[in-house]
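Work through these exercises with the model open. Try each task before reading its solution.

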Amino acid sequence: MLAGKPDYFAFWYDVAESTDSFCYGPFNIFLEGRLLLSASESNFTLNIIASDLRRCYDSLDTLDELPPDFDPYIVFERALHTNGYHSFSDPVFPSSWFSETDEKISALIDLFIEIEESRRTNPPYGVELPMYTEISDKGWRFFLFACEKNDILLCSRDLGKTVLRHEFPQGEVKRAVEQFLTVEHLPAALSGI
């Protein structure tokens, strides 16, 4: 099944199995006529994806406006930071440091945690399209903005090192999300509607 227009933005999915609490099946995202995810696994938890998308649904009417000459890398990094995520430009500490007792290492880690917290904003910059851990664990993040009379979707799977920019007619992404949330095969009780 499709929710949205594959030439712009759409979700492709099918309910292969369901229980009293969960719906499972293949899932992928069409961006400008191409499937985004390299493999469509058959075990996505579709109602959890729907629940995550439900949380951002109302925000899709009030997108942050970008100037026509925006830099997608700068915008994406700011969106990551204000939503509480790391970016590729952030320091990466060796995992052994987190169990260190050295005062200087502990102070450095504490300082970075404070910096991360100070970057978060309410509301954050850009509307995040969260799609549960099955996609975000693969590294994907999606942020939606407006630019003139279009929707701008910025996405990356490598913390903003590579940013994909997609432009759609205004409201196309919201329509796809709405269709995904209201399909008859995802019962309202399971999608949070």
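Predicted model: local features only at pLDDT ≥ 70, side-chain atom pairs only at ≥ 80, totals over all residues.

Residues are numbered from 1 along each chain as its sequence is written, and side-chain values use heavy atoms, leaving out hydrogens and water.

**Exercise 1.** Describe how helices α1 and α5 pack.

Solution. Locate α1 at residues 46-57 and α5 at residues 172-182. Their axes are 10 Å apart, at an angle of about 135°. That angle makes α1 oblique to α5 (under 35 degrees is roughly parallel, over 145 roughly antiparallel, 65 to 115 roughly perpendicular, the rest oblique). Next, list the contact (heavy atoms within 4.5 Å). Helix α1 contributes Leu46, Ile49, Ala50, Leu53, Arg54 and Tyr57. Helix α5 contributes Lys174, Val177, Glu178, Phe180 and Leu181. By class, eight are nonpolar, none polar and three charged.

**Exercise 2.** Is His166 buried or exposed, and what does its side chain touch?

Solution. Find His166 in strand β11 (residues 164-169). Its relative accessibility is 11%, so His166 counts as buried (under 20% relative accessible area; exposed is over 50%, partly exposed in between; 1.4 Å probe, protein chains only). Its side chain makes a polar contact with the side chain of Glu32 at 3.4 Å (a pair of N or O atoms within 3.5 Å, one able to donate a hydrogen and the other to accept it; residues adjacent in sequence count only if both atoms are side-chain atoms).

**Exercise 3.** Which side chain makes a polar contact with that of Asp90?

Solution. Go to the loop between α2 (72-82) and α3 (103-119), where Asp90 lies. Asp90 is buried, at 9% relative accessible area. The partner is His81, at 3.5 Å.

Note on methods. Axes fitted to C-alpha atoms, helices over the stretch in contact; angles between N-to-C directions. Helix = DSSP H or I, 4+ residues; strand = E, 2+ residues; numbered from the N terminus. Nonpolar A, V, L, I, M, F, W, Y, C, P; charged D, E, K, R; others polar.
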